[in-house]
Amino acid sequence: MAPTRPRVALLGATGSIGTQTLDVLREERERFDLIAIAGGQRLAELAVIAKEFNVRDVGVVSARDRDEVRPLLGPDVNVVVGAEGLAELATRADIVVNAVVGFAGLPVTLSALSAGKRLALANKESLIAAAPLVNKVRLTPGASILPIDSEHCAIHQCLASSTQNGHPDVRMIHLTASGGPFRGMSKEQLGHVTKHDALQHPTWTMGPKITVDSSTLMNKGLEVLEASALFGIEVERVNVVVHPQSIVHSMVEYVDGAVLAQLSLPDMRLPIAYCLGAPVRLSHAWGQIDFGQSFSLAFEAPDREAFGALDLAYEASRLGGGAPAWLSAANEIAVEAFLNDQIEWSRIVPLVADVLEQYEADPIDTLEALFENDATARRLAHGMVPR
Ligand code: NAD
Ligand code: MG
């Protein structure tokens, strides 16, 4: 009898991480069984995926989406709706891939961990906003988080030689950043960049929100908070280093001076495959480096003056409590306003800073407290967007 394949739920199946996860699953059909998918838009695409993989459960955002997608699906396919639907799908599989963008990914993260599942996490926003709640549910027997975010996946691999809680043998985590499309620009020059410029990432092709976040370096700021939450290491031990080639995906420096790194060409399918297969390494090589070709690797310090998002993220960590949730929520609104041509690129980070300025200490010890903090930050941010 063939061994049973781990069941996979892929939530956010139509996005950048979603479609790259499908590439990996196509390559590994004998190993994994995709049983559930969900998506926010592009319902026809969702139906095509459901058919190709013979998926049993499909999640959509609204009742209207359900009515639209229902006729496109086979009669045996179950359709669920909204945040509750996402939470339900996350309990059905052995491995849950959270590839939803933004705070909307929260039900997937909390539900998968509470149900004792492996969470392959691309959705950094849910972890950053809900870190204290996530830390509780990740203690559920069987639950684990494997980070898809390439830097964190690299760190996860490099931390294998550190065995103690809190990693006292780690001196510093060095998170690498490509620097985005505006690397090297002065504050003056950054005053004139356009949406078209911001959407051109030099090394990665990604969804629009994270592409904008990469141009402001807010993505790296969020990743500092993500690293701290994932690995239980205070942000003072997380350093950001600009590495324009995006080949070294991050590094761990140990107290004895040794620095371990993970290298590959920029291809998200490698960290996705790692998170699905771990501790087994799947044998298809994504992003393989050709050492027969000569190439150089460069490293430089980020320009914190021109890219204020980095310091803002460290500040949110120092403030603690709901501050990371405020930072992430305000940033979602600012990025959306920028993509809708309501604010200039140079206003994104100052808007987030103006919101964070109004934060007053508030611990996140319940889901209600988190939702309240998220809603307040969004309301304040919306109020700063010209109509
Ligand atoms: P994307 O915009 O390309 O895709 C987002 C997906 O989420 C889509 O399938 C969309 O339909 C779905 N979605 C949105 N709202 C939803 C809702 N309410 N319910 C169900 N589905 C919903 O985004 P992406 O670039 O794939 O990024 C996804 C996440 O992965 C983000 O948190 C991002 O920060 C993280 N990430 C992405 C990359 C990358 O290379 N794209 C790298 C590292 C981390
Ligand atoms: Mg990343």
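Modeller: The centres of domain 1 and domain 2, taken over C-alpha atoms, are 25 Å apart; the domain bounds come from an automatic or database domain assignment. The contact (heavy atoms within 4.5 Å) takes 26 residues from domain 1 and 29 residues from domain 2. For orientation, domain 1 runs over 7-147, domain 2 over 154-315 and domain 3 over 320-387.

A word on the ground rules. This is a predicted model, where local features need pLDDT of at least 70, side-chain atom pairs count only at pLDDT 80 or more, and totals for chains, interfaces and linings use all residues. Residues are numbered from 1 along each chain as its sequence is written, chains are lettered from A and ligands numbered from 1 in the order in which they are written, and side-chain values use heavy atoms, with hydrogens and water left out.

Back to the interface. About 2,300 Å² is buried between domain 1 and domain 2, with carbon and sulfur atoms giving 68% of that; buried area is the accessible area (1.4 Å probe) that two parts lose on being put together, summed over both. Three salt bridges cross here, a salt bridge being a side-chain nitrogen of Lys or Arg within 4 Å of a carboxyl oxygen of Asp or Glu. Glutamate 125 also forms a salt bridge, with lysine 209, and their closest N and O atoms are 2.8 Å apart.

On the domain 1 side, the elements giving two or more residues to the face that touches domain 2 include α1 (16-27), α6 (124-129) and α7 (131-137); helices (H or I, at least four residues) and strands (E, at least two) are DSSP runs, numbered from the N terminus. The largest share, eight residues, comes from α1. By class, that side of domain 1 has 14 nonpolar, four polar and eight charged residues. Here Ala, Val, Leu, Ile, Met, Phe, Trp, Tyr, Cys and Pro count as nonpolar, Asp, Glu, Lys and Arg as charged, and the others, Gly among them, as polar.

Now the ligand. Ligand 1 is surrounded by 24 residues, and the closest are Thr14, Ser16, Ile17, Gly40 and Glu125; a residue is near if one of its heavy atoms lies within 4 Å. A polar backbone atom of glycine 15 is 3.0 Å from an oxygen atom of ligand 1. For glutamine 41, a polar side-chain atom lies 3.3 Å from an oxygen atom of the ligand.

How values were computed: A polar contact is a pair of N or O atoms within 3.5 Å; within protein, one must be able to donate a hydrogen and the other to accept it, and residues adjacent in sequence count only if both atoms are side-chain atoms.
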